[in-house]
Amino acid sequence: MDTQYLEVNDENIEQATDLAAKLLKSGKLIGLPTETVYGLAANALNEAAVKEIFRVKGRPQDNPIIVHICDMIMLRSVVREIPDSASELARAFWPGPFTMIFKKSERINDTVTCGMDTVAVRMPSNPVAAKVIEKAGVPVAAPSANLSGKPSPTTARHVLDDLHGKIPLILDAGACRYGVESTVISLVGDVPTILRPGFITPQEIQKILPDAVVSDAVLREVGAGEKVLSPGMKYKHYAPRADVVIVKGTLEQFAKYAEEHAAGNAYAMCFNGEGESISIPSVSYGKKDDPDEQARKLFSVLRMLDTAGATTVFARCPSEQGVSLAVLNRLIRAAGFKVVQL
Ligand code: TXA
Ligand code: MG
């Protein structure tokens, strides 16, 4: 299959989004920019198209997909009920990098939810994404547009690298504004539970829902066979080909550890300005005190390490506060939960 790669600008945005919407309506998949990461989008109501998402990504059959909407009318069509808490969170965080889990309506098929009776819903703020959904007139199922297990795509080039020849269209609307996937919160249990941290932080959510909690699975490995609220938590994820190890400690301790343990094509993944203190090659993923920048750069740095042929990567550890929690949540999965505490 030929993949059309289309850069979207002010002049062609209507044409480009018309084409994307037309493809979605005819059951095709497209690479769609959003403010978090690029999505692999299909008409959520077309079961064959959703099955194709699983096939193209090589996605595990038990990992459900987020449904993207453009307004509250569309929300009503995909969920059974809208709790007051959801209305309040929607007022605060939609459109934006924020996903809520509801009881699903009959319109949403089992392929999207992997047989669960809940559905994850997000209203993206990226203008291209919003326009495509509105023009398609249907809810849009879209996981991140990477091959399963790979770092999520934060540029259209990343999508092309993974899915060239497998989908008919990729829209390029530049680098993603946030760079980590949406915050996911479940509103179906007794306690609102944050299942995946993102740019919208637990602190911001707790200002609206003081009883919201963060799932303990966010920073730990989930055992085989363990029942989890969000199947996505189970998988090693976001991983480059290299062996990644998170090394906690001072910069001096980190530098010494990396030097002593460097084998093969080893790289340090550090914060801006730290490279001079480290004797092995290094790449920076942002300023130490700028979690937003770390979030924006994380996935492209992980992909760059693959391109550089890294075999071992020692990563400096982000904090657990605010947006950093999202960075750490992704990095710890990229590392397959290997953390060294010095
Ligand atoms: O920012 C994002 O959320 C991006 C963009 C494209 O919108 N999408 C994304 O999708 O990250 P994906 O498939 O890579 O991650 C979806 C996560 C998975 O961890 C999945 O297990 C979880 O959401 N999820 C989806 N539906 C769920 C449900 N009904 N209950 C619990 N978890 C669910
Ligand atoms: Mg993903």
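Tutor: Let's start with a word we will need throughout: a residue is buried when its relative accessible area is under 20%, exposed when that area is over 50%, and partly exposed in between, using a 1.4 Å probe and protein chains only. Keep in mind that this is a predicted model, in which local features need pLDDT of at least 70 and side-chain atom pairs count only at pLDDT 80 or more, while totals for chains, interfaces and linings use all residues. Residues are numbered from 1 along each chain as its sequence is written, chains are lettered from A and ligands numbered from 1 in the order in which they are written, and side-chain values use heavy atoms, with hydrogens and water left out.

Student: Which residues of α7 are buried?

Tutor: A note on the labels: helices (H or I, at least four residues) and strands (E, at least two) are DSSP runs, numbered from the N terminus. In α7, the buried ones are Ala156, His158, Val159, Leu160, Asp162 and Leu163. That makes 6 of the 8 residues of α7 buried, so the helix is largely enclosed by the rest of the structure.

Student: What covers the buried residues of α7?

Tutor: We look for contacts, meaning heavy atoms within 4.5 Å. The cover includes the strands β1 (4–7), β2 (30–32), β3 (39–43) and β8 (169–172), along with the helices α2 (47–57) and α10. Follow the chain just past α7 and you reach glycine 165, which takes a positive phi of about 80°.

Student: How many salt bridges does a search of the whole structure find?

Tutor: The test is a distance: a side-chain nitrogen of Lys or Arg within 4 Å of a carboxyl oxygen of Asp or Glu. The search finds 17 of them. One joins lysine 150 to aspartate 306, with 4.0 Å between the closest N and O atoms. Lysine 150 sits in the loop between β7 (140–141) and α7 (156–163), and aspartate 306 belongs to helix α10 (residues 291–307), so this pair ties together parts that are 156 residues apart in sequence. Lysine 150 is partly exposed at 24% relative accessibility, whereas aspartate 306 is buried at 12%.

Student: What does arginine 316 form a salt bridge with?

Tutor: Its partner is glutamate 274, and the closest N and O atoms are 2.8 Å apart. Arginine 316 lies in strand β15 (residues 312–316) and glutamate 274 in the loop between β13 (266–270) and β14 (282–284), so the bridge ties together parts 42 residues apart in sequence. Arginine 316 is buried, with a relative accessible area of 6%, and glutamate 274 is buried at 6% too. Another bridge links lysine 287 and glutamate 293 at 3.2 Å; there lysine 287 is partly exposed at 39%, while glutamate 293 is buried at 7%.

Student: Which residues are linked in a network of salt bridges?

Tutor: Glu14, Asp18, Lys131 and Lys135 are.

Student: Which residues are the closest to ligand 1?

Tutor: A residue is near a molecule if one of its heavy atoms lies within 4 Å of it. Of the 24 residues that surround ligand 1, the closest are Thr36, Arg59, Asn63, His68 and Ser182. Next, check the pairs of N or O atoms within 3.5 Å, which is how a polar contact is defined here. Oxygen atoms of ligand 1 lie 2.7 Å from a side-chain N or O atom of threonine 36, 2.5 Å from a polar side-chain atom of serine 182 and 2.9 Å from one of arginine 196. On its own, ligand 1 has 670 Å² of accessible area (Shrake-Rupley method, 1.4 Å probe), and the protein covers 96% of that.

Student: How many aromatic pairs does the structure hold?

Tutor: Rings of Phe, Tyr and Trp (its six-membered ring) pair if their centres lie within 6.5 Å; planes under 30 degrees apart count as stacked, over 60 as edge-to-face and the rest as tilted. The structure holds 5 such pairs. In phenylalanine 93 and phenylalanine 98, the ring centres are 5.0 Å apart and the planes stand at 50°, so this pair is tilted. Both of these phenylalanines are buried.

Student: Where is valine 140 found?

Tutor: Valine 140 is in strand β7, and it is buried, with a relative accessible area of 0%. Leaving aside neighbours within four places in sequence, valine 140 has contacts that include Leu24, Ala42, Ile66 and His68. The C-alpha atoms of valine 140 and alanine 42 are 5.6 Å apart in space, although the two are 98 residues apart in sequence.

Technical notes:
A polar contact is a pair of N or O atoms within 3.5 Å; within protein, one must be able to donate a hydrogen and the other to accept it, and residues adjacent in sequence count only if both atoms are side-chain atoms.
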